Amino acid sequence: MGRICSEKLRFCIDRGGTFTDVYAEIPGQTEGRVMKLLSVDPSNYEDAPVECIRRILEDYTGEKIPRSSKIPTDKIEWIRMGTTVATNALLERKGERIALCVTQGFKDLLQIGNQARPNIFDLTVSKPSNLYEEVIEVDERVELALDTEENASSSSVIKGVSGELVRVVRPLNEESLRPLLKGLLEKGISCLAVVLMHSYTYPEHEVSVEKLAFNMGFRHVSLSSALTPMVRAVPRGLTASVDAYLTPVIKDYLSGFVSKFDEGLGKVNVLFMQSDGGLAPESRFSGHKAVLSGPAGGVVGYSQTLFGIETDKPLIGFDMGGTSTDVSRYAGSYEQVLETEIAGAVIQAPQLDINTVAAGGGSKLKFQFGAFKVGPESVGAHPGPVCYRKRGELAITDANLVLGYVIPDYFPSIFGPNEDQPLDVDTTREKFKKLAVQINSHRKNQDPSAKDMSIEEIALGFVNVANETMCRPIRQLTEMKGHETRNHALACFGGAGPQHACAIARALGMKEVLIHRLCGILSAYGMGLADVVEEAQEPYSAIYCPESVEEASHREANLVEQVKQKLQAQGFSEENIKPETYLNLRYEGTDTTIMVKKQESDNGSTFDFATEFVKLFEQEYGFKLQKRNILICDVRVRGIGATNILKPNPQEPTSGNPRSERFYKVYFHGGWQETPLFKLENLGYGHTISGPAVIMNGNSTVIVEPNCRAMITKYGNIKIEIESTSSTTNVSDTVADVLKYWGDNLNEGDVLVTNHPCAGGSHLPDITVITPVFDNGKLVFFVASRGHHAEIGGITPGSMPPFSKAIWEEGAAIQAFKLVEKGVFQEDGITELLLHPCSDDPAHKIPGTRRLQDNLSDLRAQVAANQRGILLIKELIDQYGLEIVQAYMRYVQLNAEGAVKEMLKAVAARVSSPSMQGGNVVIEEEDSMDDGSTIHLRLTIDPTRGEANFDFSGTSPEVYGNWNAPEAVTAAAVIYCLRCLVNVDIPLNQGCLAPVKIHIPSGSFLSPSENAAVVGGNVLTSQRVTDVILTAFQACACSQGCMNNLTFGDDTFGYYETIGGGCGAGPTWDGTSGVQCHMTNTRITDPEIFEQRYPVILHRFGLRENSGGAGLHRGGDGVVREIEFRRPVVVSILSERRVHAPRGLKGGRNGARGANYLITVDKRRIYLGGKNTIHVQVGETLLILTPGGGGWGSS
């Protein structure tokens, strides 16, 4: 590999969704050939990449190559291609028909996933469809051995691949599996995804399934243990599903591609780009590694042509297209993630860390509730923007056209009925004029003295909104990972990106923009710069210590040998192979793993992975965990076969000044400016152009803004220097209470902490950390973070006691304390509060927190998170000034207020009201807790003013139990419901409550006394309040109505989870099954992690069939969770809807009630009720059945 053959052509191809781009190196020519074709054009050719190769070969050889004949390969040295075939199949759900094969008891595992909702404010709970059509359950079970069995001599205990001890409880039953597989074949399903419990460490059962399936005639089998041998069954199973779904599609496409060439193709080096930025031969190119094939080429392209060549700064890749924008980061090595979600599918495999945001040239423009909105909807290619002459809607492309950023003279005239007209400027301006009438009318209503905005100001406003949307994922890649955004250079490519590059860089504080001369086809060019990559990985579970490091080193050596053999089989010599080693590490007791790369030492010393892990963890999260073991999870080797093929061609310096083609009017922040236009092809190395200017780079328009300077570099790229310019649940309740308490006694460097309900808290495990923000000595903002602590003390482990009667039984209650005072962390003070909760009864000693170090680490993390927020706020103040920042904070709230008012007016017009009072709509609703206490709501809506009154008079008094809810909880439920009903993407803020009054009678269980127990109010009562409000609005039927809180533990550990159930159905949708509903969205622990870290066996985790209420639209089903305990522990369950069922609406039937049972060793079933604490013994099982959602409408 890497041999240069000057007599043959080389093809770099990016087959995108709309266009196929090709860069071809032609023998004897210094400049490559560029071609762009529509990816799909069946009337002219079958396959765009083949057509590009055919046309270029014809031009090169001068010989006609008929489309009906095979492409000759004697003049081709290699072909490298990235393709969106897999991406498109995933987006459009046009993959292969597949079935899922899982361990018995886990039929619904992948459908439930982590049980979180994709969008917490979406009442329909829209989730991506499953990739598999059928599920078969395999009679087999592997369990992890307990630590106490480590020295057992039992022959049933086996050491797994990870080093963990396993026991095969039930061997694979092939006889029962065979008819199930036969049934799939009879249905026409011949592709299978297999995920069995603990197959990451014991893959033998999966291998046996594969062997049997192939023998029976299955076409393709994807084993989770072979694709991603890592602990966690859900992402591993989802990855296997993606691979089984996509690999046959890819193989079919590649087979068709290969068939278009003559028999000499076997001698041509044909490689395909993978999602990790490495190339693979056709035989090793599979579905789960192909989804980012195209975008990966762009990352390779900008990183290998700009970093260390045009700049030494780390780069942010910015690829703006028609419907979305991809951003990435490069600082000398490819930044990868091991798990990501693409098109609703979770993939666990090494892939480049590319963040995508739904903002591009085709993003729709809207004026809504007094605010400019851009996207996420796109106008698409058909009809497209208004300027495309197809009666489309206004989009960012139209705004750029109005501003002069898109110049019709240099845009193809392919529009109109005969596809021969230019972009339509006049109609675009007319559309903006109509929009301006609406916008200026709204502004006059808000402020009669407001000046009218011109259409140019409006267009620029929309572009600014789009730019900010595209800045967000860049900040996530930098600020969220501990990197200063301003220290980067922006590497811009893609069709629309160069129009926005200067504005994006300036908004982010960057000083430098780089635009490659081939920016329009950089993804294709990047294919020729990539290396061939082979990966090998295996799980290894151990505490990081000298002995485990030595074992990891042995495993590394074996993996290195594996990847070397694979690369040598592809023609690479030893000197062209470079292995990279990684250890996947995490702190004990956390789920956050970091893949740490082994660094070469200058002095020959041994590399310490743990030291690097601690540094990376602190860089990303702002703190480190003290006195905590570091655990090894996986050993990974990435073998790189260096190809050294494409090389940039340096240019000779150019003399003379650059000459413009002509001048155009372009609108910038200061107004219209006469702006010179240059063509890149007429510019040379050393030319410098001061902004404002326009540089045409092929079909890409580069906007050089005022106060910027563009230079043509040695390699023909554009470098732009930016001159910085500056312009002149309801945590807010907690902030308000804290401010009232502390008054003027706040200083810079102070950080406050509270969790007490009387200080705006929800329940004690939710600790709020508040940091005041000062500007020139004046208090101007607060930054707050609230985190759930799994242990805070109290009468049961996990701090969620079912039978608490007073708040002091629930753990440490902190009304007000300075966690940090003048910059000093008050560890002694907070430790005293956490370890020694106060009791009203001095003789009754309440246990303090059982996990002090976890609490302290989490509190430090919250302090660090606040500090990061403060830095971002201060950046805004530095850039725009305090007055403008505070004004925009008010505008955000006014926007939310307007959105809620419009929603309330619409509801008043729609909802049938039993009674009217003074023209107002009045609705009364109530529901009962399982003890009989009632939540009563009288909702009054003013249809003219768009205001509402939520009156909870008639609600039962404070209860002698713990499902009392502080007033802040009810306020949070109200604001959550309003945000859901608005159904517009606005930030959740106090403005939502501006048109609303909430009356909660003091002394009711929604406004209890200071010492009342409240731990259940936040997790149970909040859900019932939500159901009552949404029923009053006739928005949807009742959901499961609780969070099914489960805790267990002893003096050495504690575990806490909430369990999903069924969502209520609505007027146009069925309720979703097995998800978290309404006031929570916590993820549940993966079954393998659950069994690996705790003394339990999870026998069943699936949907509770037919538990959703019947109706025109069915309610969602609840969940079945069956847990066997392997050592004595204290178990607490805190749940509701065990007496009163979730109600249906509009004639829909009720959902099923939940139930909790203890199954003893002798198989007796004991009903536990909704709230209980029990001491379970070894072998006893907890069975939890969560409620279903109510149905909607008569069936």
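This is a predicted model: local features need pLDDT of at least 70, side-chain atom pairs count only at pLDDT 80 or more; totals for chains, interfaces and linings use all residues.
Visitor: Let's start with one residue. Where is T581 found, and is T581 buried or exposed?

Guide: T581 is found in strand β24, which covers residues 577-587. With a relative accessible area of 6%, T581 is buried.

Visitor: Which side chain makes a polar contact with the side chain of T581?

Guide: That partner is E556, at 2.8 Å. Leaving aside residues up to four places away in sequence, T581 also touches others, including V596, F609 and R636.

Visitor: What is a disulfide, and how many disulfides does a search of the whole structure find?

Guide: A disulfide is a covalent bond between the sulfur atoms of two cysteines. Here the search finds zero. Take C633: the closest cysteine sulfur, in C545, is 14 Å away, so that is too far for a bond. C1063 is in no disulfide either, with the sulfur of C1077 at 3.3 Å; a disulfide needs the two sulfur atoms within 2.5 Å.

Visitor: And how many salt bridges are there in the whole structure?

Guide: A search finds 65 of them. In one, the side chains of R284 and E534 meet at 2.9 Å, N to O. This pair links distant parts of the chain, 250 residues apart: R284 lies in the loop between β13 and α8, and E534 in strand β23. R284 is partly exposed, at 36%, whereas E534 is buried, at 4%.

Visitor: Where are E902 and K905, which also meet in a salt bridge?

Guide: Both sit in helix α19 (residues 882-910); they are three residues apart, so about one helical turn separates them.

Definitions and conventions:
Residues are numbered from 1 along each chain as its sequence is written. Side-chain values use heavy atoms; hydrogens and water are left out. Helices (H or I, at least four residues) and strands (E, at least two) are DSSP runs, numbered from the N terminus. Buried means under 20% relative accessible area, exposed over 50%, partly exposed in between (1.4 Å probe, protein chains only). A polar contact is a pair of N or O atoms within 3.5 Å; within protein, one must be able to donate a hydrogen and the other to accept it, and residues adjacent in sequence count only if both atoms are side-chain atoms. Contact means heavy atoms within 4.5 Å. A salt bridge is a side-chain nitrogen of Lys or Arg within 4 Å of a carboxyl oxygen of Asp or Glu.
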